[in-house]
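Reader: Hello! I am new to this structure and would like a close look at a single part. Please pick one and walk me through it step by step.

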Amino acid sequence: MNILLKYHGLNARAFWQGLVEAQLKRLAGLVAIASARVTLERQHEVKPAFRVSAHLEVPGPDFHTEASDYTLQAALLKAVKDLERQIRARKSRQVDKWKAKVRLGLLPGRSSLAPTGCRA
């Protein structure tokens, strides 16, 4: 997994790099992430001051999120939770589609619409 980390309004720190990598590795257990672009931003005139935006490149449509909070760690946690919610929702939809095909007997390699085990 390739991670591109950008900073706006704050200085790069090894701690933040490690925090982002740890959170993304946790998500990599749910989906194959080809690359990730994460932006950590501090807005001086805006409350809450910290904003995290992330873009995950995965097979199929990519995942995007933005989150803001009063600390960088809290904003990052919100962003990761939203990405996890998106990933789990997509997996759930895929499983539901597969189950519907099984019930109808429309699996690849089957020419009949009759459920398996039925004789015509």
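Author: Let us take the sheet, beginning with a definition: two strands pair if DSSP finds at least two bridges between them. Strands (E, at least two residues) and helices (H or I, at least four residues) are themselves DSSP runs, numbered from the N terminus. The model is predicted, so to speak of a local feature a pLDDT of at least 70 is needed, and side-chain atom pairs count only at pLDDT 80 or more, whereas totals for chains, interfaces and linings use all residues. Residue numbers start from 1 along each chain as its sequence is written, and side-chain values rest on heavy atoms, with hydrogens and water left out.

Now to the sheet itself. The chain has four strands along with two helices, and along the sequence they come in the pattern β-α-β-β-β-α. The four strands make an open sheet with mixed pairing, in the order β1-β2-β3-β4. The edges are taken by β1 (2–8) and β4; each has a single partner strand, so one side of each has no neighbour in the sheet. From one strand to the next, the twist averages 10 degrees; for such angles, axes are lines fitted to C-alpha atoms, for helices over the stretch in contact, and the angle between N-to-C directions runs from 0 to 180 degrees.

Both helices pack on this sheet. Helix α1 touches β1, β2 and β3, and its direction makes about 140 degrees with that of β1. Helix α2 touches β2, β3 and β4, at about 150 degrees to the direction of β4. Contact here means heavy atoms within 4.5 Å.

Buried means under 20% relative accessible area, exposed means over 50%, and partly exposed is in between, using a 1.4 Å probe and protein chains only. The partner of β4 is β3 (residues 50–57), paired with it in the antiparallel sense over seven bridges; in one of them, A54 has T65 of β4 as its partner. Five residues lie between these two strands of the hairpin, and G60 has a positive phi near 90 degrees.

What covers part of β4? Helix α2 (residues 72–104) is the one to look at: its 33 residues reach 49 Å from first C-alpha to last, close to the 48 Å expected at 1.5 Å a residue, where the expected span is 1.5 Å times one less than the number of residues. Its buried residues include L72, A75, L76, A79, V80 and L83, and the buried residues of α2 pack against α1 (14–28), β2 (35–42), β3 and β4. Another buried residue is Q86, with a relative accessible area of 17%. Setting aside residues up to four places away in sequence, Q86 touches F63, H64 and T65. The side chain of Q86 also makes a polar contact of 2.9 Å with the side chain of D82. A polar contact is a pair of N or O atoms within 3.5 Å; within protein, one must be able to donate a hydrogen and the other to accept it, and residues adjacent in sequence count only if both atoms are side-chain atoms.

Moving across to β2, look for E41, which lies in that strand. E41 counts as buried, because its relative accessibility is 18%. Its side chain has a polar contact of 2.6 Å with the side chain of R51 and one of 3.5 Å with that of Q43. Beyond its neighbours within four places in sequence, E41 is in contact with H8, L10, A49, F50 and R51.

Finally, between β2 and β3 there is a loop that holds P48. Most residues other than glycine have a negative phi, and most peptide bonds are trans. The bond joining K47 and P48, though, is cis, with omega about -10 degrees. P48 is partly exposed, at 21% relative accessibility. Among the residues it touches, not counting those up to four places away, are S68 and D69. Y70 is 22 residues from P48 along the chain, yet their C-alpha atoms are separated by 4.7 Å.
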